[in-house]
Amino acid sequence: MTTYRPRSDFLQVMLERGYLADCTDLQGLDEALMAGPTPAYIGFDATARSLHVGSLIQIMMLRWLQKTGHKPITLMGGGTTKVGDPSFRAEERPLLTPDQIDENIAGIRRVFASYIDYGEGPSGALMIDNAEWLDGLNYLDFLRDVGRHFSVNRMLSFESVKSRLDRAQSLSFLEFNYMILQAYDFVELYRRHGCRLQMGGSDQWGNIVNGIDLARRMSDAELFGLTSPLLTTADGRKMGKTAEGAVWLDAELVSPYAFWQFWRNTADADVGRFLRLYTELPVEDCARLGALGGAEINEAKIVLANEVTALLHGRAAAEAAEATARKVFEQGGAGTDLPTLALDRAELGGGISVVQLFVRAGLAKSGKDAKRLIAEQGARLDDAPVSDPGLMLDAAALARPVKLSAGKKRHALVTLAG
């Protein structure tokens with residue numbers, strides 16, 4: 001990275017808030033951004049019905065792009081999802097049906113709608129599916145017009161490919177084509193929408209550079225690439241992953257309360273950085289809050305949880321989550337906003353084991369995990385320790401809502417209906 005200091009609002013935000021890892025031509029991109037509204041895109045394969053917290057840094061980049069007067073393009077990989085991105089993966093992705101892909105795209109669009117505005121105008125966001133041009137490609141024409149610009153020797157040199165081959169893991173010819181298809185996406189977006197910038201995580205650098213090079217060869221276009229750092233938490237975990245699984249950006253998959261709790265449980269060392277990346281608070285406030293120590297850092301974490309949750313789920317949901325958390329942790333109450341397991345009275349029969357309750361409430365991955373939690377004295381029922389994994393609860397015991405706790409920070413309610 002050069003010592004060049006950009007003048008465009010967008011690149012200033014990228015630098016001062018910590019989004020910028022590398023750029024193919026920082027000065028050239030800055031001049032393009034200064035010249036007027038610039039379309040830019042990030043690609044997302046539709047492998048699940050939602051994105052998770054690991055994608056949130058890219059989503060925030062698109063949000064800042066729009067807030068600084070430029071045009072975000074969310075490119076959905078309806079075509080490339082049929083292939084699967086092999087980058088840094090140990091094995092081939094499972095192939096999805098077209099109906100599954102369409103359903104996933106619809107779910108992901110709902111996530112994006114919380115962060116950026118789709119519509120008309122110079123900065124109105126676009127959602128585009130690369131199946132528009134990939135599904136209709138003639139294979140021989142594509143090989144002749146596009147494939148001839150790629151050197152197999154160079155493709156084999158990319159780290160995403162080498163990492164698979166060095167581990168002697170199979171890389172199918174289908175996957176090997178992915179980088180060509182992704183590069184072609186950039187060409188098509190430039191031709192159709194005047195898109196001049198592709199952004200992504202640092203692991204996408206090779207794919208982005210391929211697209212820039214292909215556009216230069218095919219259309220004599222000057223395009224740009226910008227990458228963000230690949231984030232890990234202070235304890236070395238991949239961002240967005242927890243012991244319980246991915247932290248999804250869909251309220252049906254992860255409740256607003258559970259989402260709020262994820263951010264409230266941020267490590268002290270990550271607070272300032274996460275405030276800069278995942279909220280819109282002024283950088284000075286992020287630095288001040290991140291520098292707090294002792295018990296005061298917990299209030300900074302609440303600010304972080306509130307701001308991030310409000311962006312995704314709305315301010316009311318953030319305030320409800322905070323109120324529930326304070327009731328649970330400070331007053332020993334149950335809190336009405338906790339994740340809830342609703343049991344049907346008819347399914348109880350002779351009762352249900354406490355082990356099953358912890359599994360079904362999402363507080364344990366399996367019966368073995370629940371029994372380990374009980375053995376380690378981490379399981380509580382209405383704030384009382386659970387010591388017997390064989391404990392059964394009948395309809396009378398569940399006549400009122402019951403609170404389950406796994407450790408100090410994870411809770412759920414069990415209710416009975418019918």
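**Entry 1: glycine 77**

I began with glycine 77, which is buried at a relative accessible area of 2%, where buried means under 20% relative accessible area, exposed over 50% and partly exposed in between, with a 1.4 Å probe and protein chains only. I was working on a predicted model, in which local features need pLDDT of at least 70 and side-chain atom pairs count only at pLDDT 80 or more, while totals for chains, interfaces and linings use all residues. Residues are numbered from 1 along each chain as its sequence is written, and side-chain values use heavy atoms, with hydrogens and water left out.

I placed glycine 77 in the loop between strand 3 (71-76) and helix 4 (98-112); helices (H or I, at least four residues) and strands (E, at least two) are DSSP runs numbered from the N terminus. Leaving aside neighbours within four places in sequence, I found glycine 77 in contact with Phe44, Asp45, Ala46, Asp129 and Asn130, contact meaning heavy atoms within 4.5 Å. For alanine 46 I noted a C-alpha to C-alpha distance of 5.9 Å from glycine 77, across 31 residues of sequence.

**Entry 2: the whole chain**

I then looked up the totals: the protein chain has 19 helices and 15 strands, and 49% of its 418 residues count as buried. Among contacts in the protein chain with a separation of 6 or more, I noted that 72% come from residues 24 or more positions apart.

**Entry 3: helix 13 and its cover**

How many of the eight residues of helix 13 are buried? I found that six are, so helix 13 is largely enclosed by the rest of the structure. The buried residues of helix 13 are Val271, Gly272, Phe274, Leu275, Leu277 and Tyr278, and what covers them includes helix 1 (9-17), helix 3, helix 12 (256-264), helix 14 and helix 15.

I took the pair of helix 13 and helix 15 (residues 296-313) next, and their axes come within 10 Å and cross at roughly 20°; axes are lines fitted to C-alpha atoms, for helices over the stretch in contact, and angles run from 0 to 180 degrees between N-to-C directions. Helix 13 and helix 15 are therefore roughly parallel to each other, since angles under 35 degrees count as roughly parallel, over 145 as roughly antiparallel, 65 to 115 as roughly perpendicular and the rest as oblique.

By class, I recorded 10 nonpolar, no polar and one charged residues in the contact of helix 13 with helix 15, with Ala, Val, Leu, Ile, Met, Phe, Trp, Tyr, Cys and Pro as nonpolar, Asp, Glu, Lys and Arg as charged, and the others, Gly among them, as polar.

The crossing of helix 12 and helix 15 is right-handed. From helix 12, Pro256, Phe259, Trp260, Trp263 and Arg264 take part, meeting residues of helix 15 among them Lys301, Leu304 and Val308. I recorded nine nonpolar, four polar and two charged residues in the contact of helix 12 with helix 15.

In the loop between helix 12 and helix 13 I looked up threonine 266, which is buried with a relative accessible area of 6%. Leaving aside neighbours within four places in sequence, threonine 266 is in contact with Val271, Phe274, Lys301 and Leu304.

**Entry 4: salt bridges**

I found 17 salt bridges in the structure, each a side-chain nitrogen of Lys or Arg within 4 Å of a carboxyl oxygen of Asp or Glu. One of them joins lysine 67 to glutamate 280, with the closest N and O atoms 3.8 Å apart. Lysine 67 lies in helix 3 (residues 56-67) and glutamate 280 in the loop between helix 13 (271-278) and helix 14 (283-290), so the pair ties together parts that are 213 residues apart in sequence. I noted lysine 67 as partly exposed at 47% relative accessibility, and glutamate 280 as partly exposed at 29%.

Glutamate 132 and arginine 192 meet in another salt bridge, at 3.5 Å from N to O. Glutamate 132 lies in helix 5 (residues 131-134) and arginine 192 in helix 10 (residues 178-193), so this pair ties together parts 60 residues apart in sequence. I also noted that Glu132, Glu188, Arg191 and Arg192 are linked in a network of salt bridges.

Key. A crossing is left-handed if the near helix is turned anticlockwise from the far one by less than a right angle, and right-handed if clockwise.
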